[in-house]
Amino acid sequence: MMFGRLLLACVCLTPADPVQDTYRLVQVPEEAHFAETFDSDPLDRRWVQSKAVKETDAEALKYDGQWVVEEPAAAMYPGNRALVMKSSGRHHAIAAYLHTPFNFIHTPLCLQYEVRFGRDVECSGAYIKLLTQTHLLRLSQFSESTPYSVMFGPDKCGTSHRLHLIVRVMDSSNGRNQEIHAPQPVDDLTVYFTDRQPHLYTLQLYQDSRYEIFIDQSLISQGRLLTDEVQYTESPDSQPESPVSGLGVGSVAALGLELWSLSGEVMFDNFLLTDDLKLAERWTQDTWGQKQPGLLERLLIATNSRPWLWGVYIFTVGLPITLFISYMWPDKRFGPPDQDYYYKKSDDPQPDRQPGRDQPDRPTSLSDYGAVSREGARRRETQKVQRKSDLEVENE
């Protein structure tokens, strides 16, 4: 009952237009291998857009999709900017070097970022690649053939909603690279592509091949990559020149997005690559945490994809109110003390009718019954005489 009253009060007091809060800028941690908020620096200060050209036309760019840094059109937190893949039906590619190379040897790998699909997405990738460190790496020539060590993130085409985790490892028997594809999560991922809300994707990868995948800080998939059930596909890349770890993941030198989108308007924000899970927790709280809505707002947002929740909310609020009214009103305990219905359970039994009211006194003895009968007979005789006199007057 108390929850119902609270929910009703919150719904009644919620303003039609949400109050905008100024976004608090986040300090980039120097100990992270890579961290980017897009809130202060211009795009071209750190990020390199690919200039790779098409094989069939040396004059035409292969990746001609537009990248911009801007605030979302419906920004609830002024000052919070993000990287946006703008163009529809185009290939996009952009990358940035890490602050320090990541050597996946003794510490875990934590990669996370936010994604928001701004339109009705039909076919679009939003995954990220950790580019392998080689002497051939040139971000200006970043393409689908650039070697990568880890690929992670959401991807949708048609009715397929997927979350990729692909790790390239070295086969010790022949020295060639192979791709390990983690199984798809069992949960339905549709809502993360259709609700037009930003979602936080987090990968934690460990040296013993264990992995954990979170969406909005909720664990949706976990397991081991080096098992008999994983899917192996041969990679076209040659063996990386940098040393490899026990899992076979090469040293990472850069982070990149190499994507195609039919609809465009895909937003990316708050990239982080680190081997410090405590640092990742603080980063999450400072970035993702300060933008999260309160309880009421989350309840209302949930109805966008689950309209039937309105019935649950109405029932939750309406039932306690109905029970309260039916129990407390009308209630004889609240009536004025000089009225008939005012009595307590502890009072003496009361007669149905009391003397002095509209009804005459009831007889209480046999003699009283006789007196009442004689009085009634005299009244009936008087009425007959009166009716007879009326007839005589009408006949005259």
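Leucine 319 lies in helix H5, which spans residues 309-328, in what is a predicted model. Together with Phe315 and Leu323, Leu319 forms a nonpolar patch on the surface, and the three residues share about 300 Å² of accessible area. Leucine 319 itself counts as partly exposed because its relative accessibility is 37%, a value that falls between the limits of 20% for buried and 50% for exposed.

The cysteines give another view of the fold. A search of the whole structure finds 1 disulfide, formed by cysteine 123 and cysteine 157, whose sulfur atoms are 2.4 Å apart. Cysteine 123 belongs to strand S9 (residues 123-125) and cysteine 157 to strand S11 (residues 148-157), so the pair ties together parts that are 34 residues apart in sequence. The torsion about the S-S bond of cysteine 123 and cysteine 157 is about -100°, and the disulfide is therefore left-handed. Of the two partners, cysteine 123 is buried, with a relative accessible area of 15%, whereas cysteine 157 counts as partly exposed at 44% relative accessibility. Cysteine 110 counts as buried, at 1% relative accessibility.

Charged side chains also pair in this model, and the search of the whole structure finds 12 salt bridges, including those listed here.

| Salt bridge | N to O distance |
|---|---|
| Glutamate 144 and lysine 62 | 2.7 Å |
| Lysine 86 and glutamate 265 | 2.9 Å |
| Arginine 210 and aspartate 208 | 2.9 Å |

Salt bridges that share partners join Glu70, Lys86 and Glu265 into one network. Lysine 86 is partly exposed, with a relative accessible area of 21%.

The salt bridge of glutamate 144 with lysine 62 likewise connects distant parts of the chain, since glutamate 144 sits in the loop between S10 and S11 and lysine 62 in the loop between S4 and S5, 82 residues apart. Glutamate 144 counts as partly exposed at 39% relative accessibility, as does lysine 62 at 24%.

S3 (residues 53-54) and S4 (residues 57-61) run antiparallel and are joined by 2 bridges, and lysine 54 has aspartate 57 as its bridge partner in S4.

Notes. Residues are numbered from 1 along each chain as its sequence is written. This is a predicted model: local features need pLDDT of at least 70, side-chain atom pairs count only at pLDDT 80 or more; totals for chains, interfaces and linings use all residues. Side-chain values use heavy atoms; hydrogens and water are left out. Two strands pair if DSSP finds at least two bridges between them. Helices (H or I, at least four residues) and strands (E, at least two) are DSSP runs, numbered from the N terminus. Patches are made of residues with over 30% relative accessible area and no salt bridge: like charges are joined within 9 Å, nonpolar side chains (Val, Leu, Ile, Met, Phe, Trp, Tyr) within 5 Å. Accessible areas come from the Shrake-Rupley method with a 1.4 Å probe; for residues, only the protein chains shown count as cover. A salt bridge is a side-chain nitrogen of Lys or Arg within 4 Å of a carboxyl oxygen of Asp or Glu. Buried means under 20% relative accessible area, exposed over 50%, partly exposed in between (1.4 Å probe, protein chains only). A disulfide is a pair of cysteine sulfur atoms within 2.5 Å.
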